[in-house]
Amino acid sequence: MKDAYTWGAILVIVLASSTGDVLLSRAMKQIGDVGKYSRRAGLLAVVSRVVRNPFFLFGLVTMTLAFYSLLFALSWADVSLVGPASASLTFVANAIAGKIFLHEQVDHRRWMAALMVAGGVALLAG
Amino acid sequence: MTFRKYLVLAGITLFAATGDSLLSHGMKQVGSISLTHWTSVIFAVLNPSVALGILLLLGFFISYTTALSWADLTYVLPASSLGYVLLALIAKFFLHEHVSTMRWFGIALISSGVGFVTQGPALTPRNRGKSANSLGTRTLP
């Protein structure tokens with residue numbers, strides 16, 4: 001029963017964190033290079049612009065959901081299972097989501113990298 | 001990619017690995033939380049290890065959003081995944097867990113994946129052919 005809870009929490013982590021990643025990426029692309037922006041307008045202007053971005057705020061909510069599911073999962077199972085399992089699935093989910101929702105150029109190099117990292121992370125669990 | 005930008009990627013890696021380790025250490029102290037007493041997860045953040053872990057994860061979050069402002073999501077994630085290697089090393093040398101051959105193989109695979117993606121471009125080119133309204137020429141309030 002605890003196993004089912006753990007995998008349920010891992011599924012929530014994967015879905016919530018990849019949604020959050022996509023939303024945060026969208027928000028930060030709208031804002032642009034924060035290094036250049038802060039040199040021109042100051043750090044405070046950057047922060048206030050970031051926290052007023054709706055994509056950022058919604059991303060923060062889904063990231064919080066992922067964080068609390070992680071806390072639940074960690075209280076039920078070892079970090080050596082929860083960490084790699086949720087991370088490797090998130091890598092693959094993000095490669096797909098990055099291509100579909102962010103229209104990023106996910107070329108052979110990036111697919112290979114995502115799969116290699118996901119595979120490597122899965123091996124860490126073994 | 002400048003040296004500063006690689007430094008931000010290194011920051012993501014370091015903060016994530018150390019933050020996760022502390023979180024795990026703290027949640028072991030807090031113990032198993034049942035769904036019928038789910039509110040106790042809120043008080044779990046009062047554990048010192050969990051609190052320090054959250055502080056480090058805040059550092060992770062800042063460097064992560066910074067990186068996303070100038071690089072693709074599908075670049076940042078693999079490029080900053082050396083944290084899992086670091087996590088395994090922390091497990092071996094600080095938490096004295098056994099790191100098997102399988103795990104070392106996993107570490108090698110992740111490292112090659114990171115090397116692979118960082119050879120390529122960091123950002124998908126946008127608005128080719130259009131001169132106005134590209135990301136570089138955005139006007140600020």
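Biologist: Among contacts in chain B between residues at least 6 apart in sequence, what percentage join residues at least 24 apart?

Modeller: It is 73%. Keep in mind that this is a predicted model.

Biologist: What makes two residues count as being in contact?

Modeller: Their C-beta atoms, placed from the backbone, must lie within 7 Å. By that rule, 40 residues of chain B are in contact with 41 residues of chain A.

Biologist: Which elements of chain B give two or more residues to the side that touches chain A?

Modeller: They are α1 (3-30), α3 (48-70), α4 (73-79), α5 (82-93) and α6 (101-118) of chain B. The largest share comes from α6(B), with 11 residues. By residue type, the side of chain B that touches chain A has 23 nonpolar, 13 polar and four charged residues.

Biologist: How many helices and strands does chain B have?

Modeller: Six helices and zero strands. Along the sequence, the pattern reads α-α-α-α-α-α.

Biologist: Why is H103(A) called exposed?

Modeller: Count the other C-beta atoms within 10 Å of H103(A): there are 10. The label exposed applies at 12 or fewer. Therefore H103(A) is exposed.

Biologist: Where is H103(A) placed?

Modeller: H103(A) is in the loop between α5 (79-101) and α6 (108-125) of chain A. Its phi is near 55°, a positive value in a residue other than glycine.

Biologist: What percentage of the 141 residues of chain B count as buried?

Modeller: The share is 38%. Each of those residues has 20 or more other C-beta atoms within 10 Å of its own.

Conventions:
Residues numbered from 1 in each chain as written. Chains lettered and ligands numbered in written order. Predicted model: local features only at pLDDT ≥ 70, side-chain atom pairs only at ≥ 80, totals over all residues. Helix = DSSP H or I, 4+ residues; strand = E, 2+ residues; numbered from the N terminus. Nonpolar A, V, L, I, M, F, W, Y, C, P; charged D, E, K, R; others polar.
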